[in-house]
Amino acid sequence: MTRPTAGVAFKPQHFDEAVAASAAGLWFEVHAENYMVAGGPRLTMLQALRDARPLSLHGVGLSLGGVERPDPAHLGALRALVERFDPFLVSEHLAWSRIGARCLPDLLPVPRTGEALLTVSRNIDIVQEALGRRILIENPAHYVALDAMWSEPDFLAEIVRRTGCGLLIDVNNVAVAANNLGYDASRYLARLPHDAIGEIHVAGHSEDPMLGAHLLIDSHDAPVSELVWDLLAELLGHSGERPVLLERDGNVPDFDDLMAERDRAVAILARKEPCHA
């Protein structure tokens, strides 16, 4: 099978076109929690997709930044998916979303403190031990400044050093956070531990209805911006070729339109479209 290059976040309404697609290097990513079921049509659909293309599992519910250890039932369900579908990548967010039995419907931020570093590293170790493999952790979008002993690139690098995990760098999250907090996105990308990067995400964002461009929202409901395409080219210049995923979760267009946008990522990966920032 062709090595994965640029992929698309899978949506069930695109199933027929996704399974039949012939594009070289195409792969699909799904949110693991949508398939944590005992059986039925969801798993049948996912198996057909996996039979046709490489698959990545992207988690949103492990709460790696939470003070509690990962929920054993949730982790067991994830392990079952990994064992059944053998994804070429498994990833999760650097965030927290659980307090006891209460799960919160958001990916909440992690302060970059010594205590948080120990907690996140412990939780990643638990997950990697349970799965028997390395996971990637995704950098967050930011809307307010957090307590910080480290810059985010240094914090991510220290997590990688302590746990052996890899990184999923969401370039849209970098663009959103840099805009909202007033830092240099290019400098952020240059300071990352590039050898640890195993996957890159690109997505669209939107402006806050009240504050406009002063506050960008990681909404995943629009085409990828020119800024994010340029930052992708910059990051690939540092890291070399990595699997790139196009995310779209709102205002989802037809499959052909997503594939046309995915072609932009393929062109950048091939260095056919240089950064013009």
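How do the residues of the lining of the largest cavity divide into nonpolar, polar and charged? The structure examined is a predicted model, in which local features need pLDDT of at least 70 and side-chain atom pairs count only at pLDDT 80 or more, whereas totals for chains, interfaces and linings use all residues. Residues are numbered from 1 along each chain as its sequence is written, and side-chain values use heavy atoms, with hydrogens and water left out.

A search of the whole structure finds one cavity of 30 Å³ or more, a cavity being a set of points, on a 1 Å grid over the protein atoms alone, where a 1.4 Å probe fits but cannot get out. About 30 Å³ of space lies in the largest cavity, the volume being the space filled by probe spheres set on the points. Its lining (residues with an atom within 4 Å of a point) consists of His58, Gly59, Leu62, Leu78, Val90, Ser91, Glu92, Val127, Leu131 and Ile135. These residues divide into six nonpolar, three polar and one charged, where Ala, Val, Leu, Ile, Met, Phe, Trp, Tyr, Cys and Pro count as nonpolar, Asp, Glu, Lys and Arg as charged, and the others, Gly among them, as polar. Strand S4 gives the most to this lining, with three residues, and S4 and helix H4 each supply at least two; helices (H or I, at least four residues) and strands (E, at least two) are DSSP runs numbered from the N terminus.

Helix H4 (residues 114-131) has 18 residues and reaches 26 Å from its first C-alpha to its last, close to the 26 Å expected at 1.5 Å a residue, the expected span being 1.5 Å times one less than the number of residues. Glycine 132, with a positive phi near 70°, follows H4.

Helix H8 (residues 226-239), with 14 residues, reaches 20 Å between its first and last C-alpha, close to the 20 Å expected. Its buried residues include Trp229, Asp230 and Leu236, and helix H6 (171-181), strand S9 (197-202) and helix H9 (255-269) are among the elements that cover the buried residues of H8. Glycine 240, which follows H8, has a positive phi near 80°.

Note on methods:
1 Å grid on protein atoms, 1.4 Å probe; cavity = no way out; pocket = protein on both sides within 12 Å on 5 of 7 lines; lining within 4 Å. Buried < 20%, exposed > 50% of the residue type's maximum accessible area, 1.4 Å probe, protein only. Contact = heavy atoms within 4.5 Å.
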